[in-house]
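Hi,

Here is the model I promised to pass on. Have a look at it first, and my notes follow below.

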Amino acid sequence: MLVKSCISIFILSLSQLVCAEPLRFSLHKIESGMPGPTLLVIGGIQGDEPGGFTAASMLVTNYKVQAGSIWVVPNLNFESIIKRSRGIHGDMNRKFNILSKKDPEFDEVQKIKKIILHADVDVVVNLHDGSGFYKKKYINKMHNPNRWGQSIIIDQEVLSNEKFGDLSSVAGNVQQYINQRLKNKNKFFYVKNTETKKGDVEMEKSLTYFSIKNNRPAFAVEASKSFLTYERTFYHLLAVEGFMSELGIKFQRDFKMTKRDVSKQIGNNLKISLYDNRINLNVERARRYLNYVPLKKHSSLEYKKNNPLIAVINHKKGLKIRYGNRYVTSLNPQYFEYDNSLNSVTVQIDGQNKKINIGDKVNVEKNFRVRASSDYRVNIIGYAKRGVTNENNILIKRKDIRSRFSIDKNEKIFRVELYKGNKFSGMILVDFSEAKNNQSLSLLNLDSTHIATTH
Ligand SMILES: [Zn+2]
């Protein structure tokens with residue numbers, strides 16, 4: 001018996017290795033349903049330029065449009081972003097001219113080329129973080145014509161006969177839009193023309209020049225690497241808003257356009273949902289490790305997320321959650337069979353009975369009491385009372401739960417798990433934060449991602 005199960009586990013882990021999906025970029029269409037142009041914004045062509053991919057991801061999570069559309073690929077070189085590398089298979093922005101079919105990124109490059117050339121796309125903007133500060137005349141080592149930071153890049157002055165094909169004046173107007181909103185002249189943007197056609201062999205291989213060659217207006221925006229990520233993100237968003245205003249795309253965002261507010265938005269609401277909402281975790285302020293997370297036995301992991309920069313990856317015996325190039329937390333699993341019979345549970349919250357859906361997070365001021373049917377066993381992680389194995393129907397206050405079992409560093413959010421026999425039925429979270437921050441950002445409309453787990 002023992003031998004047999006060893007073999008099946010071995011086969012299982014082999015087949016799981018084979019079907020592990022690599023990280024792929026995602027396309028998010030933010031559409032108004034009203035006529036107007038479509039702007040394609042791309043971030044993360046290089047994995048070490050967080051200003052660009054963070055700004056692009058915020059378009060997905062914090063913006064709506066009222067006229068026209070923005071299509072966003074915030075994580076073009078997702079694998080490199082997650083691995084904190086400029087390019088794990090070389091510089092992706094040199095793969096748009098000639099590329100061997102054997103290149104590991106061949107398929108991804110083909111996919112993004114198709115999106116760039118899609119008939120609905122009017123203008124392409126590629127977001128980069130560049131070194132120093134571009135200036136027309138040499139000032140010093142960091143401020144000169146060979147630097148890239150704080151610039152809008154065009155490959156040539158004009159793309160004839162195309163709508164928005166006067167690249168030079170579109171870029172000039174966007175430059176003006178940005179600089180009008182900046183107080184500090186040292187941070188002003190300028191237009192840099194690489195004059196690619198005149199023999200810039202490196203730029204000929206770039207994404208924007210591929211677009212230009214195919215008569216699709218394209219620009220690159222470079223925020224200076226001299227700034228921290230949040231400040232680069234701020235400049236990128238200003239630039240994208242400049243392009244939207246230039247194209248006549250009407251937009252709305254849910255924060256104020258200041259460096260401080262941009263900074264507060266970055267990574268402030270990160271959520272993953274496992275196995276069709278059986279487990280939902282808010283991980284923006286998660287502890288370094290979350291232990292005994294009940295994952296599904298004999299199954300690949302299926303998850304959804306609310307931010308395109310989130311990735312869940314296999315790491316040692318557990319799972320690591322990353323947000324762009326930042327570490328978020330690790331899940332150390334305990335494997336269970338799953339029971340799918342439970343969709344909601346009654347919980348008495350501060351004296352009031354409420355029906356709570358499995359996977360939800362509830363705010364508790366003083367106390368709560370789970371009132372599950374007798375078929376289920378309740379386990380409140382961090383609560384222990386001698387002789388009690390089922391924590392159903394017990395009045396629980398914050399001080400009854402040991403702080404180190406919270407999922408967050410602030411020691412406010414705790415797990416309540418329900419089991420039927422030996423099977424896991426689902427989890428809810430109780431949140432003792434005083435501030436009622438009922439963020440209800442929905443999960444991204446993506447196919448759920450499957451990854452193989454080794455167990
Ligand atoms: Zn770049």
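A definition to start: the radius of gyration here is taken over C-alpha atoms, and the globule rule is 2.2 Å times the number of residues to the power 0.38. With 455 residues, that rule puts a compact globule near 23 Å, and the protein chain comes out at 25 Å, which agrees.

Two housekeeping points. Numbering runs from 1 along each chain as its sequence is written. This is a predicted model, so local features need pLDDT of at least 70 and side-chain atom pairs count only at pLDDT 80 or more, while totals for chains, interfaces and linings use all residues.

Overall picture: the C-alpha trace spans about 80 × 50 × 45 Å along its principal axes. The protein chain has eight helices and 27 strands, which are DSSP runs numbered from the N terminus (helices H or I, at least four residues; strands E, at least two). Buried residues make up 42% of the 455, where buried means 20 or more other C-beta atoms within 10 Å of the residue's own, with C-beta atoms placed from the backbone.

The domain assignment (automatic or from a database) gives domain 1 (28-265) and domain 2 (271-451). Their C-alpha centres lie 38 Å apart. Across the boundary, 13 residues of domain 1 are in contact with nine residues of domain 2; contact means C-beta atoms, placed from the backbone, within 7 Å. On the domain 1 side, helix 2 (50-62) and helix 3 (78-82) are the elements giving two or more residues, and helix 2 has the largest share, six residues.

Now helix 5 (residues 167-180). Which of its residues are buried? They are Leu167, Val170, Ala171, Val174 and Ile178. These cover an arc of only 95° around the axis, so they sit on the same side of helix 5; the arc is that of the directions from the helix axis to the C-beta atoms. The buried residues pack against strand 8 (151-154), strand 9 (190-193), strand 10 (218-224) and helix 7 (229-247).

Lys225 is buried because 20 other C-beta atoms lie within 10 Å. Leaving aside neighbours within four places in sequence, Lys225 is in contact with Asp129, Gly130, Ser131 and Gly149.

Cheers

Terms used. Two residues are in contact if their C-beta atoms, placed from the backbone, lie within 7 Å. A residue is buried if 20 or more other C-beta atoms lie within 10 Å of its own, exposed if 12 or fewer, and partly exposed in between; C-beta atoms are placed from the backbone.
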